[in-house]
Amino acid sequence: MSARERIERVGAAALDALAAGGQLARTFGATWRGVFRGQRPAGEVANQMYVVGNKSLLFIAVTLGFIGMVMVYQSCLQLERITGDLSQVGPEFLKLLVQDFGPTITALMLATRVGAGIAAEIGSMVVTEQVDALRMSGVTPIDYLIAPRFIACVVMGGVLTVFGVAIAFLAGGLTAWSSFDLNPRLFFDPSRVRFFDLALGLIKTASYAMAVPVISGFCGLRARGSSEGVGAATTAAVIGSSLAVIVLNFVISGAGLILVGRDP
Amino acid sequence: MSSPRRGAWAAPIETFGATAMQVAREAGGIAILAGRVARCLVPPSMDGRELVRNMYRMGNRSVPIVALTTFFVGGIMVIQAGMYVKQFNAAGLVGWGAGYAIFREIGPVLIALMFSGRVGSNNTAELGTMTVTEQLDGLRALAIDPIRYLIVPRVVAMMVMLFILTVVGDLVAIVGGALFSRLLLGLEYSTFYYSLIDNLNWTDFVHGLVKSAVFGLSIALTSCYFGVSVRGGATGVGRAVNAAVVAAAVSIMLLDFFLTYLLP
């Protein structure tokens with residue numbers, strides 16, 4: 001491959017990414033419009049809430065519970081070696097959970113489960129030409145397909161995050177109690193969580209919950225071909241929404257740090 | 001199936017039983033697949049060209065996404081540590097905190113989740129497409145064992161490549177952490193470096209790498225299992241990809257918990 005071809009390839013990839021970013025932004029705008037003004041099937045929002053929320057409960061409970069146990073175990077292990085004082089583990093863990101790990105890990109799990117589900121569902125509707133049928137009957141696919149999932153994700157993302165934080169904190173407390181003989185009264189202490197932490201956690205939750213359905217729906221609508229295309233769309237949805245969660249986390253946490261730095 | 005006089009309590013129990021049966025069926029299927037793969041590996045006999053091709057596709061092509069993710073993760077870890085630095089004036093602990101978290105927990109788990117999203121789901125989609133288009137039956141008709149030809153190279157490639165990607169990702173995360181601690185916290189590179197080197201040893205790094213190899217095996221087995229057990233066209237492929245990423249995420253969290261206890 002000559003140098004010129006290489007540069008051309010990089011340029012083509014950059015242009016593709018730019019175009020996709022523009023389309024994604026337009027989809028995001030269209031979704032908001034669909035939320036307020038679009039038409040959608042009756043009961044679809046409730047239906048999607050059930051699929052996004054209730055059906056993810058077990059998944060979130062298992063994953064967040066285990067990660068809570070692991071994190072408390074690892075930090076107790078390290079603290080015991082260095083300072084030997086475990087009394088701060090619980091309050092600090094809750095603070096970290098509320099402002100960062102709770103929303104982020106729940107959102108990563110949601111990107112995996114719900115994001116892949118949305119892309120697979122919409123993608124198979126595209127390749128079986130059901131979306132074209134919707135367009136022919138004068139319905140915007142974004143209003144009809146993405147907007148209800150968007151509302152469901154925003155509501156249920158918040159609910160699942162609260163649930164996940166509770167489960168992880170409980171599992172962590174039980175680990176500290178059973179493995180390190182830490183008094184649960186010392187562990188279950190919410191006094192360290194400031195309003196700022198709660199606000200940061202809520203902002204993160206809301207932004208993740210908006211990013212995941214839009215990116216996944218967008219990837220689903222871009223599906224081409226047949227079963228291969230659906231698979232590729234699902235993969236793109238999982239990767240795109242996970243990456244979006246991590247980048248958003250970085251941006252919001254960084255903004256939070258700078259704000260705290262100015263106003264201690 | 002259902003008796004005419006069943007109470008309202010029957011529905012949740014039925015759901016619970018159906019879920020349990022489903023989980024048991026999938027776990028059993030994965031275990032049988034693991035046994036078949038193991039039998040092909042003693043003595044090792046597989047298609048070498050297929051192995052190299054898969055290693056390139058799964059490993060080399062995933063480097064950008066892994067590097068991008070872990071770069072931001074390093075930044076996020078430093079931002080989290082930075083909140084404490086401002087509170088307790090403990091700049092000397094940033095490298096240690098970020099390094100410990102990245103090497104032992106966040107690095108392997110997040111890289112495995114991204115790997116499962118990109119490579120695992122891609123693999124399920126590919127094998128699923130081959131299954132629904134009856135290419136696996138075609139292989140069998142030609143007296144080629146699909147396990148030996150398709151599955152074993154993928155399993156080996158994913159294990160090896162996730163291990164290598166974790167090495168790369170850990171290092172990128174540390175570089176990202178050092179960079180952002182300079183930019184956001186005004187910390188010298190040498191402070192970060194010595195804080196990392198003085199407080200951590202090889203076991204922390206190896207702890208994470210052992211985890212990543214096990215995660216690679218579990219991602220490979222779940223994604224191959226859901227790929228070859230696809231039923232029903234494009235919709236089935238989408239559903240299989242979704243199920244595979246969910247199963248991989250759950251198994252990563254579960255294995256992470258047990259390995260944390262078992263490993264030093």
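**Helix packing and chain contacts in a predicted two-chain model**

Let me begin with chain A, where the axes of helix H3 (residues 57-82) and helix H4 come within 10 Å and cross at roughly 140 degrees; the axes are lines fitted to C-alpha atoms, for helices over the stretch in contact, and the angles run from 0 to 180 degrees between N-to-C directions. That angle makes H3(A) oblique to H4(A), given that angles under 35 degrees count as roughly parallel, over 145 as roughly antiparallel, 65 to 115 as roughly perpendicular and the rest as oblique. The crossing of these two helices, H3(A) and H4(A), is right-handed, where right-handed says that the near helix is turned clockwise from the far one by less than a right angle, and left-handed that it is turned anticlockwise.

Residues are numbered from 1 along each chain as its sequence is written, and chains are lettered from A and ligands numbered from 1 in the order in which they are written. Helices (H or I, at least four residues) and strands (E, at least two) are DSSP runs, numbered from the N terminus.

Which residues meet between H3(A) and H4(A)? From H3(A) they include Phe59(A), Ile60(A) and Leu79(A), and from H4(A) they include Val89(A), Phe93(A) and Arg113(A), a contact being two C-beta atoms, placed from the backbone, within 7 Å. The residues of this contact divide into 12 nonpolar, three polar and one charged, where Ala, Val, Leu, Ile, Met, Phe, Trp, Tyr, Cys and Pro count as nonpolar, Asp, Glu, Lys and Arg as charged, and the others, Gly among them, as polar.

Turning to chain B, there are nine helices and zero strands, and of its 264 residues, 49% count as buried, that is, with 20 or more other C-beta atoms within 10 Å of their own, whereas exposed is 12 or fewer and partly exposed lies in between, with C-beta atoms placed from the backbone. Helix H4 (residues 94-132) and helix H8 (residues 202-228) of chain B pack at an angle of about 20 degrees, with their axes 8 Å apart. That makes H4(B) roughly parallel to H8(B), and the residues of their contact divide into 13 nonpolar, 13 polar and four charged.

How do the chains touch? Here 44 residues of chain B are in contact with 47 residues of chain A, and H9(B) gives the most to that side of chain B, with 17 residues. By class, this side of chain B has 23 nonpolar, 14 polar and seven charged residues.

Not counting residues up to four places away in sequence, Val155(B) touches Val37(B), Leu217(B), Ala220(B), Leu221(B) and Cys224(B).

Finally, is Met21(B) buried or exposed? Met21(B), which is found in helix H1 (residues 10-41) of chain B, is exposed, because 10 other C-beta atoms lie within 10 Å.

Technical notes: Predicted model: local features only at pLDDT ≥ 70, side-chain atom pairs only at ≥ 80, totals over all residues.
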